[in-house]
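Trainee: Could we go through this structure together, one question at a time? I would like to learn how to read it.

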Amino acid sequence: MTTAVQPFDSSRLTFSEAEILDSGAYDTLLIAGGVRCHGGFDANGAYRSPRTVHRGPAVAAWQARLAREGSELLEIPRALMPPQYPNVAQAKLLLKNGVRDPIVRTLTIISIVEGFGAVIRDVRVPKLGELVVEPLEGTALDHLGRGLFEAHARDEAGWREEGGHKQMWEAARDLALEKPKIPADVMARMMGRTGRRGAAPERPFPMLDETLERMLAMLAQVLVVEVFAEGTFDWGVRLLSDPEVSAAPKEAGDMVRNIRSDESPHVEYLRTALSEVRARTLRTVDGKTIAGRTVVDALLHRVLHAVTRDRPRDQREDVRSSLSEAMQAAPNPAALLEQFDALEASFTPPERTGFEPLAA
Amino acid sequence: MHPIARLRRTARVGTLAARLWAHYKLPEYWRKLLGRPEPDEATKRRRHEIAASWILACALEMRGVIIKMCQAIATRADVFPPEFVEELKKCHDAVPAKPFEVVRAAVESELGKPLGALFAEFSERPIASASLAQVHAARLLSGEEVAVKVQYPDIEDIVRTDLRNMERACRIYERFDPQPLELLPLLRELTTHIGMELDMRREAQSADRVRALFADDPRVWIPRVHHGLSTTRVMVMERVSGMKVTDKAALEAAGLDPADVVQDLMRVYVRMILAAGFFQADPHPGNLMVTREGRLIVLDFGLSKELPDGYGLGLFELMFSMMTMNESAMIRAFIELGFETKTGDRNTFMLIARRMLSRSRTGTFEGEFTEEMTDELFEAIREDPVVRVPSDFVLVGRVFSFLSGIAHTLGSRANVLSAMGAGPPG
């Protein structure tokens with residue numbers, strides 16, 4: 001028996017936590033490589049993401065309310081999205097030449113980073129009613145700590161007997177590359193990335209309640225990560241569904257497609273919540289007010305500016321630091337490296353993010 | 001070691017073994033003979049407390065491996081009753097020091113020169129004394145302040161005698177007890193660890209290795225070893241000073257936040273264990289200090305452990321799945337790490353996973369790997385003897401148990417997800 005997604009009712013704006021977390025029943029469960037994953041299929045074989053019976057309609061209703069109130073739904077320009085390194089052509093070249101470690105490592109790190117998304121359930125939600133001037137009832141903001149963060153966390157890292165995106169990326173990797181040996185340095189590289197983060201940046205809005213500022217900064221950060229993950233999904237689908245390099249092109253490709261469709265509710269609730277803040281006024285700790293738009297745009301600008309510059313550089317450095325060694329598995333490493341470099345597409349971070357503080 | 005002394009040690013251990021046997025078995029025979037019911041929990045606890053106090057007294061008197069054995073028991077909450085674990089924890093900082101003349105003779109014999117030709121100053125009172133060695137403050141002729149770790153003379157002979165005696169005692173015990181605790185594997189593990197600890201050149205190399213790992217981290221300080229003045233029995237290293245890691249009042253007086261200290265500690269161990277697969281496996285509070293600037297000092301690399309390739313990722317999977325309440329991933333991680341059940345039934349792991357997750361009342365651990373979780377794991381395993389814990393995991397579990405104990409003392413909790421690179425959330 002399959003539970004249908006609730007029909008869209010834009011007048012209903014308040015949902016219980018249980019409703020937000022409700023996956024309903026599936027006709028067939030999603031099981032990959034022996035691992036029970038979240039989500040499942042309806043009677044027609046169509047994939048339905050977990051926890052979307054009410055969450056999907058709820059987000060749509062909050063977005064409709066924004067539109068009714070004349071507020072815009074913010075959009076992260078896709079043009080800002082940095083490319084994945086190595087790109088699909090480079091990754092295929094490596095795999096065809098038996099150089100698997102860089103790709104296995106990349107896929108494993110993607111799975112871990114996806115899993116880390118679960119920390120969103122531990123984000124502290126302040127008493128928003130006291131910190132925002134306008135009413136919040138019936139908004140995404142009002143549901144962050146009442147199901148939205150928890151649903152997001154469960155989607156990413158799994159929950160109880162279900163695997164989440166972490167386990168689904170692992171399954172896609174294992175299907176496509178036939179349970180490859182995981183390079184022993186994966187964790188060292190993960191933590192090396194952490195080491196590069198350095199000290200926490202200064203607070204851009206010290207006049208705001210600190211918990212509110214942290215939460216908004218986290219929302220901005222996660223939104224950008226989620227939007228830019230689209231590039232990773234595209235890379236994953238194209239690579240893992242290619243029969244030239246994948247042992248299970250259909251299953252592995254479909255798995256990444258399923259993850260991609262699960263991510264859509266994340267992008268939508270995050271941009272809805274940030275748009276709601278943007279349309280409101282925030283109280284400062286000294287009793288004054290500040291436009292939500294000023295805060296949100298500055299936070300998004302800061303994240304976008306950093307991510308469009310740091311992510312491509314970090315990814316490239318990570319891969320290249322062990323590329324020569326990994327290429328020794330190939331018959332002609334020098335020629336392979338030359339071919340690999342020739343396939344690299346340049347990326348210049350755009351000058352503007354579209355959220356420049358002056359534009360506010 | 002003099003044959004009389006060897007005989008005396010054997011007799012002392014034999015007497016203790018016989019006394020323990022009588023302490024546990026005679027009341028049982030008596031009870032069965034008279035047809036009395038099973039003793040209640042309080043009686044059993046009291047019996048364990050008395051036995052543990054005898055063992056502790058013997059260990060402090062005889063030192064050597066018996067101290068080590070007690071320390072090992074104190075870390076095996078998965079095997080031994082809590083009364084043993086609590087009492088034998090005292091072995092960590094109750095070892096009496098050897099007289100200075102013994103130390104002087106050992107250093108001069110090892111380094112081949114009189115003490116005065118090597119050091120401008122050498123403190124007669126040790127800074128610390130442990131089961132196999134003690135540490136003295138000294139100053140080199142160059143003026144540099146150092147710490148000199150000196151292995152007790154005859155310790156290798158004592159260790160050999162003790163291990164032989166203990167193996168005999170274990171074999172006799174296993175022959176007489178129809179459901180024996182698995183002591184021989186523990187003894188074999190101990191033999192391996194003591195072998196590592198008796199070689200100070202290995203310890204020096206381990207310190208170098210961990211120092212290299214944290215070369216890019218100004219918040220971590222691993223004392224430098226003077227290899228030219230170090231042998232298998234003596235090790236001279238840079239002298240460091242700081243506050244004891246558990247001294248909350250001192251940390252706060254220095255303007256440090258104990259929560260930051262706890263997080264640094266977790267980060268350092270997570271990096272050693274999960275990322276490098278090589279770690280100092282003895283993080284009891286005596287081996288950890290904090291400078292006034294907040295740098296974490298890690299001492300004593302005698303017990304350092306290399307994990308098999310890929311083990312760090314397996315451990316990460318176990319900890320991460322626990323943090324994210326994912327039972328099925330926990331079960332896969334248990335198997336990946338080498339946990340076994342005698343029956344091969346995976347349901348046992350499911351029950352353990354559920355017990356551990358039940359420690360969260362709110363449905364989340366907020367990234368905290370708590371001592372309760374470690375306790376729950378070991379308790380669940382102790383109560384279900386069909387589970388075999390891989391020895392690599394035992395040392396790791398012991399480390400996290402120590403770390404959570406330190407965090408508890410400091411009134412703070414480490415966010416293990418953040419230490420792994422996931423956070424921190426707002």
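Trainee: In which helix of chain A is the place of Gly56(A)?
Mentor: Helices here are DSSP runs of H or I with at least four residues, strands are runs of E with at least two, and both are numbered from the N terminus. By that numbering, the place of Gly56(A) is in helix α2 of chain A.

Trainee: Before we go on, how are residues and chains labelled, and what kind of model is this?
Mentor: Residues are numbered from 1 along each chain as its sequence is written, while chains are lettered from A and ligands numbered from 1 in the order in which they are written. Local features need pLDDT of at least 70, side-chain atom pairs count only at pLDDT 80 or more, totals for chains, interfaces and linings use all residues, and the model is predicted.

Trainee: Does Gly56(A) count as buried, exposed or partly exposed, and why?
Mentor: A residue is buried if 20 or more other C-beta atoms lie within 10 Å of its own, exposed if 12 or fewer, and partly exposed in between, with C-beta atoms placed from the backbone. Gly56(A) has 19 C-beta neighbours inside 10 Å, so it counts as partly exposed.

Trainee: How many Å apart in space are Gly56(A) and Ser264(A)?
Mentor: In sequence, Gly56(A) and Ser264(A) are 208 residues apart. From C-alpha to C-alpha, their separation in space is 9.4 Å.

Trainee: What share of the contacts in chain A between residues at least 6 apart in sequence join residues at least 24 apart?
Mentor: Two residues are in contact if their C-beta atoms, placed from the backbone, lie within 7 Å. Among the contacts in chain A between residues at least 6 apart in sequence, the share that joins residues at least 24 apart is 79%. For chain B, the corresponding share is 66%.

Trainee: Why does the radius of gyration of chain A agree with a compact globule?
Mentor: The radius of gyration is taken over C-alpha atoms, and the globule rule is 2.2 Å times the number of residues to the power 0.38. For 360 residues, a compact globule would have a radius near 21 Å, and chain A agrees because its own value is 21 Å.

Trainee: Which element of chain A has the lowest mean pLDDT?
Mentor: pLDDT is the predictor's confidence in each residue, from 0 to 100. Chain A averages 92, and 94% of its residues score at least 70. Strand β4 (residues 281-283) of chain A has the highest mean among the elements, 98, while the lowest, 71, belongs to α8(A).

Trainee: How many residues of chain A are in contact with chain B, and which helix supplies the largest share?
Mentor: On the chain A side, 31 residues are in contact with 26 residues of chain B. Helices α4 (101-116), α8 (186-196) and α9 (210-240) of chain A each supply at least two residues of that side. The largest share, 8 residues, comes from α8(A).

Trainee: At what angle do α3(A) and α9(A) pack?
Mentor: Axes are lines fitted to C-alpha atoms, for helices over the stretch in contact, and angles run from 0 to 180 degrees between N-to-C directions. Val88(A), Ala91(A) and Lys92(A) in α3(A) meet Trp235(A), Arg238(A) and Leu239(A) in α9(A). The axes of α3 (residues 88-96) and α9(A) are 10 Å apart, and the angle is about 35°.

Trainee: Which peptide bond is cis, and what is its omega near?
Mentor: Most residues other than glycine have a negative phi, and most peptide bonds are trans. Pro86(A) is in the loop between α2 (55-68) and α3 of chain A. The bond from Tyr85(A) to Pro86(A) is cis, with omega near -5°.

Trainee: What is phi of Asp154(B) near, and is Asp154(B) buried or partly exposed?
Mentor: Asp154(B) lies in the loop between β3 (145-151) and α7 (155-176) of chain B. Its phi is near 70°, a positive value in a residue other than glycine. With 15 C-beta neighbours inside 10 Å, Asp154(B) counts as partly exposed.

Trainee: And is Met325(B) buried or exposed?
Mentor: Met325(B) is in the loop between α12 (311-323) and α13 (327-336) of chain B. Phi of Met325(B) is near 60°, a positive value in a residue other than glycine. Because 23 other C-beta atoms lie within 10 Å, Met325(B) is buried.
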